[in-house]
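Please look over the points below with the coordinates open.

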Amino acid sequence: MNWKILIRKMNLFLDNDSFIEHKQKSETRNIFIMKLLIVTVVDQFEKEVLRLFKESSIESYSGSDIEGYKNGSSFMMNASWFPSEKSGADSLLFFSFTEDKKIDIFFSLVAQFNEKLETNNPIHAVVVPIERSI
């Protein structure tokens, strides 16, 4: 199909190049590259993570209670009354499908938070690109 004929039918008088440029701009304007942000944290920092989400303008997220584990030394495992049992730390998992710019702000805030942390349980965050969604 000839673009000039189509455009004339729509009462638009643009040449072929400017129509394609306009079409590309309008298509890219509405495309948001979404990524999956995954955050794990010990449950004592739940309020802090929620505050960081809010400060990053991440308004939609999901969360779940999880147990976090670290491989203990063999001495600690043998010193336990029940060495076959592992005890996990009460932790939380959050995830959000969000935009790059919000994730950048979130990562900056998490880095600042972790620098001031006095425990060995920092906020952990990873980003996974989304190839397809529906």
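Is the crossing in which α3 passes α5 left-handed or right-handed?

1. The crossing of α3 past α5 is right-handed. Keep in mind that this is a predicted model. Helix α3 spans residues 46–55 and helix α5 spans residues 100–115. Their axes come within 9 Å of each other. The crossing angle is roughly 140 degrees.

2. Now the side of α3 in this pair. Glu48, Val49, Arg51, Leu52, Phe53 and Glu55 make the contact from α3. Their partners in α5 are Ile105, Phe106, Leu109, Val110 and Phe113. By class, the α3–α5 contact holds eight nonpolar residues and three charged ones, with no polar residue.

3. Next, the sheet. Four strands make up an open sheet, ordered β2-β3-β1-β4. The pairing is antiparallel. At the edges are β2 (62–68) and β4 (124–129), each of which pairs on one side only. From one strand to the next, the twist averages 25 degrees.

4. Strand β3 covers residues 89–99 and runs antiparallel to β2. Seven bridges join the two. For a reference position, take Gly63, which stands opposite Phe94 in β3.

5. Helix α5 links both topics. It meets α3 through residues including Phe106 and Leu109. It also lies across β1 (34–42), β3 and β4. Relative to β3, α5 runs at about 145 degrees.

Terms used: Residues are numbered from 1 along each chain as its sequence is written. This is a predicted model: local features need pLDDT of at least 70, side-chain atom pairs count only at pLDDT 80 or more; totals for chains, interfaces and linings use all residues. Side-chain values use heavy atoms; hydrogens and water are left out. Axes are lines fitted to C-alpha atoms, for helices over the stretch in contact, and angles run from 0 to 180 degrees between N-to-C directions. A crossing is left-handed if the near helix is turned anticlockwise from the far one by less than a right angle, and right-handed if clockwise. Contact means heavy atoms within 4.5 Å. Ala, Val, Leu, Ile, Met, Phe, Trp, Tyr, Cys and Pro count as nonpolar, Asp, Glu, Lys and Arg as charged, and the others, Gly among them, as polar. Two strands pair if DSSP finds at least two bridges between them.
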